[in-house]
Amino acid sequence: MESLTTIDESISAANAIAVERMMNAEPILYEADLAYKCIPGFGTKKLILHAGPPISWAHMCGAQRGAVIGAILYEHWAETASDAEKLAESGEVIFVACHNHSAVGPMAGVISPNMPVFIAKDRATGKTAFTNFNEGLGKALRFGAFDTQVIRRLEWMKTTLAPALKAAVKSIVSEREGIALKLIVSQALQMGDDCHNRNLAGSSLFLREIVPHLYGKVHEKDASESYNFLNSNNHFFLNLVLVASKVMADAASNIRYSTIVTAIARNGTEVGIRVSGLGDKWFTDNATIPDGLYFPGYSAADANPDIGDSTITETVGLGGAAMAASPSIVKFVGGSVKDALEMTNTFKKITIARHPHFTIPYIDFEGTPTGIDIRKVLRSGITPRANTGIAHKVPGIGQIGAGIVTLPILPFKKALREYAKEYGI
Amino acid sequence: MITLPEHVRILNVRAKLFYDAAIGQNVEAVHVDWRPEPQLEKDIEEILDRMGG
């Protein structure tokens with residue numbers, strides 16, 4: 001066994017490298033295409049990616065099942081919801097966690113072969129990550145809804161929006177390397193986004209990048225429809241923040257001795273974390289119900305437990321860690337402006353750095369707390385808190401609110417015990 | 001309903017809700033963000049001790 005000093009020094013050095021790589025990664029959006037054409041592993045299989053740590057159909061929550069049923073209908077693997085459920089139960093459909101394919105998706109995070117995805121890469125390493133397109137709020141597949149309106153919108157996104165965005169991104173790449181997502185995220189924080197549950201500024205800035213390359217590349221009607229969709233969806237940039245965050249988190253992954261968290265994800269049944277020095281292993285506990293504000297007619301009794309890969313934002317210093325940047329978000333998720341500031345301040349107690357590029361004007365341009373150290377979480381008893389959407393627990397209904405969720409501490413304990421085994425402590 | 005003495009000063013610990021309520025009623029108050037140390041299992045404490053940091 002190594003001496004205490006050596007272990008401490010090894011961890012500190014590894015954590016410094018991990019967080020520096022996380023904060024200095026440069027995610028570039030450079031392509032949009034259908035999932036089966038670009039995400040390795042799809043091939044001709046009936047493969048569906050989902051949010052959170054790995055889970056089987058038998059253990060999936062209502063919202064996750066609803067999204068899977070919708071994906072099966074969208075792919076024409078079944079014609080009715082009932083047949084879709086039977087197919088999912090049969091074992092013929094393979095379910096894999098998005099993170100295991102370098103992908104991330106908000107809420108149910110379902111990605112099936114014919115869904116369009118964005119591809120981002122790290123400027124330095126070229127390492128890629130994927131995310132699906134955002135459908136907007138309310139009745140959407142990612143919240144477990146799968147009625148005709150939801151499927152038709154997905155089909156329109158495939159046949160109209162995806163070719164338009166593919167052409168626009170290609171046009172941008174012909175002029176420069178792609179869209180520098182980190183610059184948009186940095187600017188969006190200055191403009192009042194937390195870059196998890198508020199993405200109004202980010203979506204607007206993205207639109208400014210895309211629009212000059214949208215018209216003239218596809219039929220004008222398709223360009224206009226695409227513009228109208230993007231312009232009316234204040235959350236379109238959410239998925240792009242996620243893929244940017246995934247690139248940043250992956251840059252910090254797999255560094256021996258590092259105790260920095262490199263993924264936080266929920267599948268609606270379990271919440272899981274990954275730790276840099278422990279590779280791709282998941283450490284999990286039961287997902288909890290967020291504390292939130294509900295749409296009229298709904299309450300916490302209707303809520304699905306916490307779900308989605310979107311906590312990759314908190315992993316890299318955004319979302320809950322950047323709440324002080326977004327006073328207006330408390331109207332959507334509950335609480336006061338003071339609470340938003342306190343949430344950022346609380347993150348300081350469990351992180352090891354302040355982000356040099358993600359700064360908050362409201363607190364004198366202080367950097368967001370970045371690099372969650374499992375040791376700090378366990379010693380303080382403070383676990384990360386995140387902004388999140390809330391889905392109905394019954395498949396087929398969709399979003400019913402938004403709120404704040406506090407992660408359980410058990411995954412951090414499990415990770416620490418595994419760390420002790422791995423490093424002989 | 002409990003009524004407070006007229007001249008009261010409050011030292012509030014942990015639950016900020018009470019501090020905010022006191023300030024809202026123009027009562028002099030100081031907030032201390034303190035919480036008891038988490039109760040960890042012995043093996044977790046021992047691992048953390050050995051890891052340092």
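Which residues make the nonpolar surface patch of about 480 Å²? I looked this up in a predicted model, in which local features need pLDDT of at least 70, side-chain atom pairs count only at pLDDT 80 or more, and totals for chains, interfaces and linings use all residues. Residues are numbered from 1 along each chain as its sequence is written, chains are lettered from A and ligands numbered from 1 in the order in which they are written, and side-chain values use heavy atoms, with hydrogens and water left out.

Entry on the patch. I found that Leu11(B), Val13(B), Val30(B), Val32(B) and Trp34(B) make the patch, where patch residues have over 30% relative accessible area and no salt bridge, with like charges joined within 9 Å and nonpolar side chains (Val, Leu, Ile, Met, Phe, Trp, Tyr) within 5 Å. Accessible areas come from the Shrake-Rupley method with a 1.4 Å probe, and for residues only the protein chains shown count as cover. I noted that β1 (9-13) and β2 (28-32) of chain B each supply at least two residues of the patch, strands being DSSP runs of E of at least two residues and helices runs of H or I of at least four, numbered from the N terminus.

Entry on helices. I saw that the axes of helix α7 (residues 200-214) and helix α9 (residues 236-251) of chain A come within 8 Å and cross at roughly 90°, so α7(A) is roughly perpendicular to α9(A) (65 to 115 degrees). Axes are lines fitted to C-alpha atoms, for helices over the stretch in contact, and angles run from 0 to 180 degrees between N-to-C directions. Gly202(A), Ser203(A) and Phe206(A) of α7(A) meet Phe236(A), Phe237(A) and Leu240(A) of α9(A), contact meaning heavy atoms within 4.5 Å.

I then found helix α5 (residues 148-175) of chain A packing with α7(A) at an angle of about 95°, their axes 8 Å apart, which makes α5(A) roughly perpendicular to α7(A).

Entry on charges. I counted 19 salt bridges over all chains, each a side-chain nitrogen of Lys or Arg within 4 Å of a carboxyl oxygen of Asp or Glu. One joins Asp33(A) and Lys166(A), with the closest N and O atoms 3.0 Å apart.

How values were computed:
Angles under 35 degrees count as roughly parallel, over 145 as roughly antiparallel, 65 to 115 as roughly perpendicular and the rest as oblique.
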